[in-house]
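Welcome, and thanks for taking a look at this one.

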Amino acid sequence: MGPSEIRRADPADLPAIVAALGQKGYFTDRLTRQARGHGLLLIAWKGTEVVGDVYLWLGPAEEPELRALLPDVPLLTHLEVAPGRRDHGVGTHLLRTAEGWLHAAGHRRVALGVSLDNHAAQRLYARLGYTEWPHGELATTTTVYHPDGKRERRPDFCLVMVKDLG
């Protein structure tokens, strides 16, 4: 029951993405970044319905620790599966598609951050070959996109996991 297609997001997809996942400010920002060559927004579709997304952050990491310890390593961010579509392989398919795209583009490693309390995601990543980096928790920030268009940055901590792409 996984997605029937995963493809690069197009600005024309924004209404369908927002209808399924909300977060208009976030997805507008990621489409803008994608257009500037900063990254790639992949969208999972089941027919005409958006069922998930992941953003491949290809520019320098915001966190100095990541820039220093994982230079030039792309980051998988914002892996999300629509409610009602979870536990059907969508997240796994998104990750594998993103990894395949990165490998084909010449990248040999990928990293991601996962919230300390998101044990289900940590198990998924470990099952797919991601390992915890040896440098402990990472202090970072989360950007909250409010419906009125305002952005709020909140402190957060995450576990960094890394995978060799072979």
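A residue is called buried when its relative accessible area is under 20%, exposed when it is over 50%, and partly exposed in between. Gln23 has a relative accessibility of 31%, so this residue counts as partly exposed. Please keep in mind that the model is a predicted one. The tour begins at the helices, goes on to the strands and ends in the loops.

**The helix pair H1 and H2**

- Helix H1 covers residues 14-21 and helix H2 covers residues 24-35; the two pack at an angle of about 145°, and their axes are 9 Å apart.
- The handedness of the crossing between H1 and H2 is right-handed.
- On the H1 side the contact is made by Leu14, Ile17, Val18 and Leu21, and on the H2 side by Lys24, Phe27, Thr28 and Leu31.
- Gln23, the partly exposed residue from the opening, sits in the loop between H1 and H2.
- The backbone of Gln23 is worth a look too: its phi is near 60°, which is positive although the residue is not a glycine.

**Aromatic pairs**

- How many aromatic pairs are there when ring centres must lie within 6.5 Å? The count comes to three.
- One of them joins Tyr26 and Phe27, with ring centres 5.0 Å apart and planes at 80°; planes over 60 degrees apart count as edge-to-face, so this pair is edge-to-face.
- Tyr26 has a relative accessibility of 5%, under the 20% limit, and therefore counts as buried.
- Phe27 comes out at 0% relative accessibility, so Phe27 counts as buried.
- Tyr55 and Trp57 form another edge-to-face aromatic pair, at 6.3 Å from centre to centre and with 85° between the planes.
- Tyr55 and Trp57 are buried.

- Is strand E3 mostly covered or mostly uncovered? Strand E3, residues 49-57, is mostly covered, with eight of its nine residues buried.
- Strand E2 (residues 39-46) pairs with E3 in the antiparallel sense, over eight bridges.
- Within this pairing, Leu42 is found opposite Val54 of E3.
- The hairpin of E2 and E3 has two residues between the strands, and Gly47 in this hairpin has a positive phi near 65°.
- E3 also runs antiparallel to strand E4 (residues 75-81), and five bridges join E3 and E4.
- In that pairing, Asp53 faces Glu80 of E4.

- Strand E7 (residues 138-145) and strand E8 (residues 151-164) are antiparallel and are joined by eight bridges.
- Tyr145 has Arg151 of E8 as its bridge partner.
- Five residues lie between the strands of this hairpin, and Gly149 adopts a positive phi near 95° there.

**Loop residues to look up**

- Ala12 belongs to the loop between strand E1 (5-8) and H1.
- With 65% relative accessibility, over the 50% limit, Ala12 counts as exposed.
- Ala12 and Arg151 are 139 residues apart along the chain, and their C-alpha atoms are separated by 23 Å.
- Where is Leu58 placed? Leu58 is in the loop between E3 and H3.
- The relative accessible area of Leu58 is 30%, so Leu58 is partly exposed.
- Leaving aside residues up to four places away in sequence, Leu58 touches His38, Gly39, Pro74, Trp101, Leu102 and His107.
- Leu58 and Leu76 are 18 residues apart along the chain, with 8.9 Å between their C-alpha atoms.
- Asp72 lies in the loop between helix H3 (64-69) and E4.
- Asp72 has a phi near 65°, a positive value for a residue other than glycine.
- At 77% relative accessibility, Asp72 counts as exposed because the limit is 50%.

Technical notes: Residues are numbered from 1 along each chain as its sequence is written. This is a predicted model: local features need pLDDT of at least 70, side-chain atom pairs count only at pLDDT 80 or more; totals for chains, interfaces and linings use all residues. Side-chain values use heavy atoms; hydrogens and water are left out. Two strands pair if DSSP finds at least two bridges between them. Helices (H or I, at least four residues) and strands (E, at least two) are DSSP runs, numbered from the N terminus. Axes are lines fitted to C-alpha atoms, for helices over the stretch in contact, and angles run from 0 to 180 degrees between N-to-C directions. A crossing is left-handed if the near helix is turned anticlockwise from the far one by less than a right angle, and right-handed if clockwise. Contact means heavy atoms within 4.5 Å. Rings of Phe, Tyr and Trp (its six-membered ring) pair if their centres lie within 6.5 Å; planes under 30 degrees apart count as stacked, over 60 as edge-to-face and the rest as tilted. Buried means under 20% relative accessible area, exposed over 50%, partly exposed in between (1.4 Å probe, protein chains only).
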